[in-house]
Each structure stands twice: as C-alpha cells, then as structure tokens.
Amino acid sequence: MTGFLRALVLWLTEQPLVRRLMQGSVGRRFAGRFVAGDTLDDGMAAAAQLARGGIATLLDHLGENVSSREQAAAAADAYIGAIRRGRATPGVDCIVSVKLTQLGLDSGVDVCAENMVRVLQAAQEQDPAMRVMIDMEASEYVDRTLDLYLALRSRHPVGVALQSCLRRTAADAERLAGPEAVVRMTKGAYLEGREIAFQRRDEVSRSYVAVTRTLLEAGSSVHLATHDERLVDGAREYLHRTGVAADRYEFQMLYGIRRDLQNRLVEGGEPVRVYVPYGTQWYPYLTRRLAERPANVWFFLSNALRVRG
Ligand code: FAD
C-alpha cells in the first residue's frame with residue numbers, strides 16, 4: 001500500500017468510532033482471518049492443523065506496549081505456558097516470538113531483560129536448542145531491541161527481526177551478521193517517515209535482497225518472512241545456486257495469508273513456518289494487516305455494510 005493510504009488506514013483505525021465498530025462482531029469475524037482465536041488452545045489447534053500440512057509454527061501471544069510491570073510479567077508467563085504446551089504437544093514444531101514492549105520495554109530495559117531471560121530459560125529447560133524469536137517494532141525501539149538481542153545471543157538461542165524498509169538496516173545487518181546471527185527478514189509493518197525509511201516498494205524490496213545477501217554471505221541463518229512471490233522465488237534461486245545449507249534458512253508467512261504459496265513451498269521441499277497470533281489483544285495487529293493491503297479494507301467495509309444493511 002502507498003505511504004499515504006497506509007497512513008490514512010492507520011489514522012482511521014485509531015478513531016474511537018472506527019475502533020468501536022471494528023472491535024464489534026464484524027471486526028471480530030474479520031480478525032478471525034488473521035488471528036487463530038482468543039486462547040492458547042486456539043493457537044495450538046492452528047499449529048496442529050499446520051503441522052498436518054508439513055508447516056511449523058511461530059506462536060505470538062498478542063499484546064504490545066504494556067503499561068505496568070505486572071502486565072509485562074504476565075505476558076512472560078503466558079509465553080512460558082505456550083513454550084511448555086508446544087513442547088508437550090506431539091507432532092508439532094512450535095516456537096514463540098515475543099515483542100519487547102510486551103515484556104516491559106517501556107518500563108525499562110532492565111524490566112524487559114528480566115522477563116526475556118525468564119522466557120529464554122523456560123525454553124532451554126524444554127530443549128537447550130529451542131530458539132525464541134524477537135519481533136521488531138516501531139523505529140524508536142530498534143536500538144534497544146538490537147542491543148538486548150546482542151547482549152543475549154552469546155548465552156541463549158535467540159533471533160531477531162530486521163525491517164528492510166529502514167535505511168539503517170543495511171548497517172545493522174553488518175553489525176549483527178555472522179554464524180551466530182539468526183535473523184528474520186521482513187519488509188516492516190510500521191508507518192515510518194521518509195527521512196528514516198524507504199517509501200517506494202521497489203526500494204524496500206531492493207533493500208530486502210541486499211540485506212539478506214549480507215547476512216547469508218556472513219554465515220548467518222535467515223528466516224525469509226515475506227509473502228512477496230518475487231522475493232520468495234528469487235531467494236529460492238539464490239539459496240539453491242549458492243548451496244546454503246537447509247538448516248540455515250526457512251520461509252515464514254503470516255497465519256491466513258497466501259496459504260497457496262505456503263503449500264507450494266512445502267511441496268517444493270522448503271522449510272516453512274507460519275506466524276500464528278492468538279489472544280484478545282488483536283486490534284493493533286489487525287490494523288497493521290489492514291494497512292498492508294487496500295483489498296482488506298474494502299473486504300472489511302463490505303462485510304460491515306452487509307451486516308448493517
Ligand atoms: P507485500 O508486498 O506487502 O505483499 C506481497 C503479497 O502478500 C501481497 O500482494 C498479498 O498477496 C500478500 N499480502 C501481504 N500482506 C497481506 C495482508 N495483510 N493481507 C492479505 N494479503 C497480504 N513486521 C515487522 O515490522 N516486525 C516483525 O517482527 C514482523 N514479523 C513478521 C513475521 C512474519 C513471519 C511475516 C511473514 C511478516 C512479519 N512482519 C513483521 C510483517 C512484514 O514486515 C510485512 O508488513 C508483511 O509481511 C507484508 O509484506 P510482504 O513482505 O508480505 O510483501
């Protein structure tokens with residue numbers, strides 16, 4: 001979506017009336033396309049279904065920007081519960097992805113680090129090699145997120161997301177790159193100004209390719225998190241031509257998006273993992289999915305009008 005439309009959708013979804021409408025029954029039904037449900041049971045049911053199709057899961061317990069230490073500790077507990085449940089469920093390859101603002105980053109790096117270490121230790125108790133992934137949030141959090149990731153990675157299996165839309169990401173990738181790095185490559189879901197972020201799709205894609213190459217050439221493991229078929233096909237060609245080992249990459253997509261492409265990759269023998277969000281705090285996640293694609297907005301509005309009409 002163009003920057004203007006994206007900004008418009010994000011602004012609209014912050015308006016109280018729109019928010020009320022979207023959090024009602026129509027919005028809930030619409031959210032069901034992108035969110036597995038309100039509970040961990042719902043997340044695990046989605047994971048089991050994906051596993052039957054040969055797809056692994058990245059669980060996301062929805063929530064961000066919590067305002068108290070208690071909420072941050074509760075979010076860490078929820079992740080620990082998800083890790084244990086995932087491990088106890090046979091036939092399901094399931095790890096978790098956290099947002100640092102959900103673990104208390106707005107209350108202080110120390111609060112967040114304490115919760116993050118609890119989550120990492122719980123994962124390692126289940127399996128010493130079990131990785132925990134860190135989502136990347138809006139640009140104001142990038143420094144703190146990368147600093148914490150770098151501080152943790154020598155002691156715990158942990159990975160972090162980068163956003164190719166940010167101009168700084170090429171330099172960040174140079175700093176992170178190496179065999180110890182595990183990086184999820186995304187385009188970036190947040191609205192950022194032109195002084196810090198590429199606005200044109202072709203620039204964002206070019207940056208995606210360049211940063212991915214930097215990481216792979218340095219021996220890093222890369223999770224190619226995109227539904228962009230050109231990037232997916234280009235990455236496959238590059239990975240096979242240069243002989244990148246299969247345990248150093250996987251393709252990742254979001255729950256409910258491009259199932260056809262997910263299945264095509266599985267059929268082609270590629271490792272695929274789907275990001276499965278669950279929980280009651282689905283509103284900010286849903287607004288980002290709406291802002292990515294105008295068709296989602298029309299789809300939502302036509303449903304809303306049909307119900308009201
Ligand atoms: P686009 O060019 O936006 O889309 C390519 C095609 O994918 C579209 O033509 C359409 O067919 C389909 N598509 C894309 N989005 C939608 C949608 N919302 N609804 C329906 N169809 C759609 N961003 C972050 O900022 N931080 C993160 O930590 C983060 N983690 C992610 C983890 C995973 C596994 C994935 C897949 C994405 C993640 N993102 C994250 C979101 C990412 O940054 C993009 O906003 C999102 O993936 C859309 O970009 P795209 O690469 O799919 O390409």
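**Entry 1: Glu14 and Arg19.** I began with Glu14, which is partly exposed at a relative accessible area of 45%. For my own bookkeeping, buried means under 20% relative accessible area, exposed means over 50%, and partly exposed is in between (1.4 Å probe, protein chains only). Arg19 is partly exposed too, at 31%. The two form a salt bridge, with their closest N and O atoms 3.4 Å apart. I count a salt bridge when a side-chain nitrogen of Lys or Arg is within 4 Å of a carboxyl oxygen of Asp or Glu. That rule gives 25 salt bridges.

**A note on the source.** This is a predicted model, so I kept its limits in mind: local features need pLDDT of at least 70, side-chain atom pairs count only at pLDDT 80 or more, and totals for chains, interfaces and linings use all residues. Residues are numbered from 1 along each chain as its sequence is written, and side-chain values use heavy atoms, with hydrogens and water left out.

**Entry 2: Asp77 and Arg118.** Next I looked up a salt bridge between the side chains of Asp77 and Arg118, at 2.8 Å from N to O. This pair links distant parts of the chain: Asp77 sits in helix α5 (residues 69-88) and Arg118 in helix α6 (residues 109-126), 41 residues apart. Helices here are DSSP runs (H or I, at least four residues) and strands are too (E, at least two), numbered from the N terminus. Asp77 is partly exposed at 43% relative accessibility, and Arg118 is partly exposed at 29%.

**Entry 3: Asp233 and Arg264.** Which parts of the chain does this pair link? Asp233 and Arg264 form a salt bridge, the closest N and O atoms being 3.3 Å apart. Asp233 is in helix α10 (residues 229-242) and Arg264 in helix α11 (residues 259-267), 31 residues apart. Asp233 is partly exposed at 35%, and Arg264 is partly exposed at 31%. Salt bridges with shared partners join Glu229, Asp233, Arg258, Asp260 and Arg264 into one network.

**Entry 4: the buried side of α11.** While at α11, I noted that Leu261, Gln262 and Leu265 are buried. They line one face of the helix, because seen down its axis they fall within an arc of 105°; the arc is that of the directions from the helix axis to the C-beta atoms. These buried residues pack against α4 (40-52), α10, β7 (249-254) and β8 (272-278), where contact means heavy atoms within 4.5 Å. After α11 comes Gly269, with a positive phi near 85°.

**Entry 5: the buried side of α7.** In helix α7 (residues 142-152) I found Val142, Thr145, Leu146, Leu148, Tyr149 and Leu152 buried. They are on the same side of α7 because they cover an arc of only 165° around the axis. Their cover includes α6, β3 (132-134), β4 (158-163), α8 (169-176) and β5 (182-186).

**Entry 6: the ligand.** How many residues surround the ligand? I have 27, the closest being Lys187, Gly188, Thr226, His227 and Glu292; a residue is near the ligand if one of its heavy atoms lies within 4 Å of it. An N or O atom in the side chain of Gln163 is 2.8 Å from a ligand oxygen. For Arg201, a polar side-chain atom lies 2.9 Å from a ligand oxygen. In His227, a side-chain N or O atom is 2.7 Å from a ligand oxygen.

Conventions
A polar contact is a pair of N or O atoms within 3.5 Å; within protein, one must be able to donate a hydrogen and the other to accept it, and residues adjacent in sequence count only if both atoms are side-chain atoms.
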